[in-house]
Amino acid sequence: MTDTALYVSSAEVLSICQSMQDDLEGLLHPETGFAPRLRQICHSQLVELEENGDGRTTQEELDLLRLERDTWGLLQAVMPARKTESPTTTTARELLAENPYTPTSTLAQAIMHASPLLSELVVVREWLQDAAPPPHHPEATTGYWKFTKHGAMQALRMGGSGTRDGLVKEMDPDAVNRGDGRMLTADDTNYEKGLAQALYAYVRAGRLGDAIELCRKAHQPWRAASIRGSLLFHWRAISNEQYEDDAMEEDLTDAWEGNRQRQLWKSTCTRLAVNPNISDHDRILYAALAPTPQTSSLLKTACRTWEDHLWAQISVVCEEKQSMEMLRLGGSFWEGGLAAVESGVRVLSPEAEELEAEEWEKEVVGSLETLKTVVVQEGPGAEHPFHYSQLQIILNQTGPLMDNFAVGVQDGTYAKSSFEYTAMCRFFAHLCLFLQMIDISVPPLATQVILESYLQVLEAAGQRELIAMYAGALGDNAVERYALFLVSLELSADITERRLALTRARDHGLDMDRVAIVTAERTIEKAFELLPPLKGRLPSIIAMQPPPSDEELFLLRSIEWTIFTDATYETALEQTNVILRYFLGSGRVQVAQKLLVMLPLELASISEPEERATEYLHYQQFFIIWDTLERVVECQAQETPQMNRSTRAAWLEDYRALVDQAHDQITKLLTSEWLVSDVEEGGGDRRRRDLIRIRQIFVPELIIRLHFILFASRAQFPENLRRALELANVVADSRYKLYEDFVNEDGKRLGDYLGAVRQAVLGGLEGGGSDPFRLLS
């Protein structure tokens, strides 16, 4: 299974489980539920990489996939109990009050059912056992201590006492533990060590039956008896249990199993584990069989991985809770004999019991919290994100877990360049969706960050077709979240890709038009966060302007979202006005012109609301004028001394037409209420302030440009000098209040224009005479 197949398979699981959103039992099914399916996907990928790897997969990557697989297994283990109500069961106190001879296995079950935390810890321990590495079997042996036995027999044949070279004198199991310095042969010593280590591995994996069978094959039945002693005493005939099959109730008088003296067995194992005269590997085995606070430090010396430490800690907690409750209850014949039966069951007030439960839970949480800093010798450490995630899941802290990951994504703790980033984003994205499906509260902001990070992972992997599905899985927030993803595309996708991405919203049940509108709104909001605000000095539009920045292009291309369908054209018109106000208010005419090229012609036919339509019409009017001015400049540049008569006549005709067109268009604009009816009236909202700013930039610019066009063409068209002077009358006319648009910080624009008018007045004397205003008479 390739990475692509991994993405697709995970999406298929999501799709299947979304179809049974209201079927909690189906979502939590141990084989076909959400978590088991994702666990199987990771497992299949892991098996494929281990069996058919090309050598490029590192051990870290395999460990990462294994941890992801195991974490889904943990979720499947603990979530069903958290989301389903356990049936009401008889308490251990009630069982003992009714029958003081109730077997310890029945009492242990009742104790476990009474404590949700203990029940979960038992489940977690079973999960850790299932995920434990397989034990390594020692080499088969043909007899008990055969090499030592062979040495002893050889000594007897030679006429000795049966001992030599410091070997043990007896062949009983305790021969090497008597402290006399005698030992087994090297081969037998190594075998005993390997056997004890294999038995420990079986205990670690919860496979006590296999451990017992291994002892029998090794010709050491006493070891099998020691291991079997860990089993709780169970006797159906006296356990007050109900059986579906009446035949099961027959001949149960002697059908007991387990250890009737388990308390004695446990204390013996503890003494053996702390006995320095016993070999370390045997002591560790006994510590694993009877995990207690007294043996925990020794047990931890055998822990190589973080999972080993977690198993050891939980084993101690579970065993101690069981023993503590048995001792606190009293009244059990199998734990305290007839004296306990005569003393009866101890009774505590509900308040005392609740207080004790709270204190115990605090102790458990505190002991598990220490695993965040435990040092390991093999495998990923305690700081690994998946180990931290597993611990938080066990502590039922999924909300803070997701908050922590979301913050880590935002502040760079989880760098996108790290090899584990992709797997972590995939896991947390599906965890968010899984918790939502089974109605467990998830932090909304963290969910947004996590899903967006996974959407970016999918995009980087070329899986954009899956993105709408994950955004659509967010329910009421689906439109907003998918719009945020589309915003995040920024400049990485061309218009065709944007259209396709928007169409996928409809394919996954989202309102495509609403997505387009929200995307446009969020894009403009983000663009304005990146771009400088419209305030301060008016920009110069005379100097050569740089090409559009990425931020300006981002704002420019935001219009694409609302011009794909005519259903969003009204929003496109509003958006167009907003963008044009910014670009023109920044003096970026060329960038604003790029926007007009992108717009559909139908926008001009929208008449409602009138204010919005009129503003857009005024912008069109301005750009028509601006285009005319550019054509005038281009036409002026075409004049050359080498023109023949006919060419010059044609050029003059074009030149005159363009100058006249510019004069008429600009005069019409100046004598109308373009953009704002009253510039002098201050205040108002941001839109009005922006429109006034645009007038103050471009009204003086158009006046000055028209003046110079008329003045520069006086040689070819002498009447244009008079028109230039008449333009000054229009500017000074109080009806139009154009002089108010010349307001700026230093009055430079007004000075420029007055200087140009003075030059025109002087130009009236070029033909002779002393009256500069003769042209106007």
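**Figure 1. Secondary structure and overall features of the chain.** The chain comprises 33 helices and two strands, where helices (H or I, at least four residues) and strands (E, at least two) are DSSP runs numbered from the N terminus. This is a predicted model, in which local features need pLDDT of at least 70 and side-chain atom pairs count only at pLDDT 80 or more, while totals for chains, interfaces and linings use all residues. Residues are numbered from 1 along each chain as its sequence is written, and side-chain values use heavy atoms, with hydrogens and water left out. Of the 777 residues, 49% count as buried; buried means under 20% relative accessible area, exposed over 50%, and partly exposed in between (1.4 Å probe, protein chains only). The chain exposes about 38500 Å², of which carbon and sulfur atoms supply 51%; accessible areas come from the Shrake-Rupley method with a 1.4 Å probe. Among contacts between residues at least 6 apart in sequence, 70% join residues at least 24 apart, a contact being heavy atoms within 4.5 Å.

**Figure 2. Packing of helices α3 and α4.** Two packed helices are described by the angle between their axes and the distance between the axes. The axes of α3 (residues 34-52) and α4 (residues 59-83) come within 8 Å and cross at roughly 160°; axes are lines fitted to C-alpha atoms, for helices over the stretch in contact, and angles run from 0 to 180 degrees between N-to-C directions. The two helices α3 and α4 are therefore roughly antiparallel to each other (angles under 35 degrees count as roughly parallel, over 145 as roughly antiparallel, 65 to 115 as roughly perpendicular and the rest as oblique). Their crossing is left-handed, a term used if the near helix is turned anticlockwise from the far one by less than a right angle. On the α3 side, the residues in contact include Phe 34, Leu 38, Cys 42, Leu 46 and Leu 49; on the α4 side, they include Leu 62, Leu 65, Trp 72 and Leu 75. The residues of this contact of α3 with α4 divide into 11 nonpolar, four polar and five charged (Ala, Val, Leu, Ile, Met, Phe, Trp, Tyr, Cys and Pro count as nonpolar, Asp, Glu, Lys and Arg as charged, and the others, Gly among them, as polar).

**Figure 3. The loop residue Thr 91.** Thr 91 is placed in the loop between α4 and α5 (92-98). With a relative accessible area of 33%, Thr 91 is partly exposed.

Figure 4. Helix α18 (residues 385-394) is mostly covered, with nine of its 10 residues buried. Among these buried residues are Phe 386, Leu 391, Ile 393 and Ile 394. Their cover includes α4, α7 (116-130), α15 (306-329), α17 (350-369), α19 (398-411) and α20 (421-437). Just after α18, Asn 396 takes a positive phi of about 60°, although Asn 396 is not a glycine. Asn 396 lies in the loop between α18 and α19 and counts as partly exposed, at 47% relative accessibility.

Figure 5. Helix α28 (residues 589-598) and helix α29 (residues 610-637) pack at an angle of about 115°, with their axes 11 Å apart. Helix α28 passes α29 in a left-handed crossing. The contact is formed by Val 589, Ala 592, Gln 593 and Leu 596 of α28 together with Tyr 616, Phe 622, Phe 623, Trp 626 and Glu 630 of α29. These residues divide into seven nonpolar, one polar and one charged. Pro 609 is placed in the loop between α28 and α29, and a cis peptide bond with omega of about -5° joins Glu 608 to Pro 609.

**Figure 6. The loop residue Leu 675.** Leu 675 lies in the loop between α30 (645-670) and α31 (686-712). Its phi is near 70°, a positive value in a residue other than glycine. At 13% relative accessibility, Leu 675 counts as buried.

**Figure 7. Packing of helices α32 and α33.** The axes of α32 (residues 719-732) and α33 (residues 748-763) come within 9 Å and cross at roughly 140°. This angle makes α32 oblique to α33. Helix α32 passes α33 in a left-handed crossing. Leu 721, Leu 725, Leu 727, Ala 728 and Val 731 in α32 meet Tyr 753, Val 757, Ala 760, Val 761 and Gly 763 in α33. The residues of this contact divide into nine nonpolar, one polar and no charged.
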